[in-house]
Amino acid sequence: MTYVIAGSCIKDDSCIEVCPVDCIHPKPGDPDFEAVEQLYIDPELCIDCDACVEACPIDAVFAEFEIPEKYGYALELNAEFFAGRSTIERTAA
Amino acid sequence: MARARPRVAIVGAGPAGAFAAASLLRARGDAEIDLFERLPTPWGLLRGGVAPDHQEIKRLDERFDEETLRRGCRFLGNVEVGLDISHEELARHYSAVIYATGAQTDKSLGIPGEDLPGSWAATEFVAWYNGHPDYRDLEFDLSAERAVVIGNGNVAADVTRMLMLSAAELERTDVADHALEALRESSVEEVVVVGRRGPAQAAFTSAELRELGHLDGVDIRVDAADVELDPVSREWLAEEGTFTARKNVELLREFAARPAGSGAGRRIDLRFLRSPVEIRGSGKVEAIDIRRNEIVRSGDGSLRAQAVDEAVETIECGLVMRSVGYRAVPLPDVPFDERFFVLPNERGRVLTADGKPLRGVYAVGWIKRGPTGILGTNKRDAEETVGCLVEDLGTGALAPPPDDGPGQMDALLAQRKPDLVTIDGWRAIDGHELELGQRRQRPRVKLASREELLAAAGAAAN
């Protein structure tokens, strides 16, 4: 299971502040932070704790099994953002 | 000795001002903040810019309210700084003034016919459908079948969607009533969206582009030849392209591959590598001439669009929306950078002509960095500005204001603005709009004239 961020994300970074495993990227200060249109959750690291759901001011985070139809693409999109990054890159950030 | 509580004025209650107030209250819980706003309502483009069908984003108002007004920050609405209260008066009364006034006008295309009736800045249409009281009397002629949107950013995507949504879909939003009525009668069946650069350089977010391809009853057309990337763009996308640019190209290829004409009633036609050269018509917009571009690499390595030849293609249309960016306007008695259309500043500290910080004056949001980024960008921007302000408070760089009587600004406002809208007035407006919405099963029904807004606010005061 994982949580995912939908395209309605406004890059308020409240979710990053509360994530206990640092699985939401990019983070403020990362080189690609300003260029990305939204934040993404790394499905391999997410521990389904729900903290980001509580923190998001616009309810842009969903549990994998509760994604509304219009954001159906989000599961694949979040995973794809991290595809090609090694485990070390993912956990060191 | 107990340190004095800093008194700070924030000019503009949009997202940048709200994030700045929240950030300042986090850093200095003792700060007394007055949030000035020229409209009777707070939250700026969250209310007046974000598209009505993006209600989930408008929910950010609850967080703003919680982190500012509910923590003692005062709302002083219907007050225009520079008109009702001068910068000098603010400087006399507050330890610091933060300008968060945004970018209130639009960039022009600089082509003939731009001022013909029927040619609009997309931002005017946005303000109109969102119920901005200064724009409610605009009359958009929606009787032509084809509209052309110039630009490839998210505002262009928003206005395209608003022109294409069905009445039933619009009714589920908080679109202003006058706009709902006009759009219900709209004859627009096709929106042609013209971008000067190619698919790889389009400024849409992939989320906005994806939405355009998934509207009920609306076909999307993209010419397969347009999504065949030129060698320069192909190389750029592979080496420097962002995740969004790659997704956009993927989406556009998918749209191009869709079978033609599903028979849906309405159509969006995305045209790339085209620049408008003239808007034509006798007395009103009847057509727009566009020219073909190619992508070339400039000396500095950046990509730009350059005309291929002088050949012109004419698109007949009755409405043109120009969406090529916002632009800030100078503020009275504060330095202004005429090249970049911002307050000259260093990390939010406003600078004088000789490059030294102008004591006690700060900037945040679009008036600080230019009209770029999305809502959340203002959060980091506000933290930077507020960080400087808090540092200056700590080093004693900000002297206590000469006019140190806390009641003096209130006395000025009472004298000049009997129709000042405070938090009670705003709560009354908000409650009234939500109640009207509930009755009509809509998220909110906006009061869209100053008279109605002030009447609703005044009812609370009396």
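**Strands and domains in chain B**

Modeller: Keep in mind that this is a predicted model. Let's start with strands. Ten bridges join E12(B) to strand E13 of chain B, residues 303-316, and the two run antiparallel.

Colleague: How many residues sit between the strands in the hairpin of E12(B) and E13(B)?
Modeller: Five residues lie between them. In that hairpin, B:Gly301 takes a positive phi near 95°.

Colleague: What joins strand E11 of chain B to strand E12 of chain B?
Modeller: Six bridges do. E11 covers residues 274-280 and E12 covers residues 287-297, and they run antiparallel. Their hairpin has six residues between the strands. There, B:Gly281 has a positive phi near 155°.

Colleague: Pick a residue in E12(B). What stands opposite B:Ile290?
Modeller: B:Pro276 stands opposite B:Ile290. In E13(B), the bridge partner of B:Ile290 is B:Glu313.

Colleague: And where do side chains point in a regular strand?
Modeller: In general, they alternate between the two faces of the sheet.

Colleague: Switching topic. Which domains does the assignment give for chain B?
Modeller: Domain 1 is 7-104 + 328-420, and domain 2 is 106-325.

Colleague: What separates the centres of domain 1 and domain 2 of chain B?
Modeller: 33 Å, taken over C-alpha atoms.

Colleague: How many residues are in contact between domain 1 and domain 2 of chain B?
Modeller: Nine residues of domain 1 are in contact with 15 residues of domain 2.

Colleague: What are the residues on the domain 1 side like?
Modeller: On the side of domain 1 of chain B that touches domain 2, four are nonpolar, three polar and two charged.

Notes:
Residues numbered from 1 in each chain as written. Chains lettered and ligands numbered in written order. Predicted model: local features only at pLDDT ≥ 70, side-chain atom pairs only at ≥ 80, totals over all residues. Pairing = 2+ DSSP bridges. Helix = DSSP H or I, 4+ residues; strand = E, 2+ residues; numbered from the N terminus. Domains from an automatic or database assignment. Contact = placed C-beta atoms within 7 Å. Nonpolar A, V, L, I, M, F, W, Y, C, P; charged D, E, K, R; others polar.
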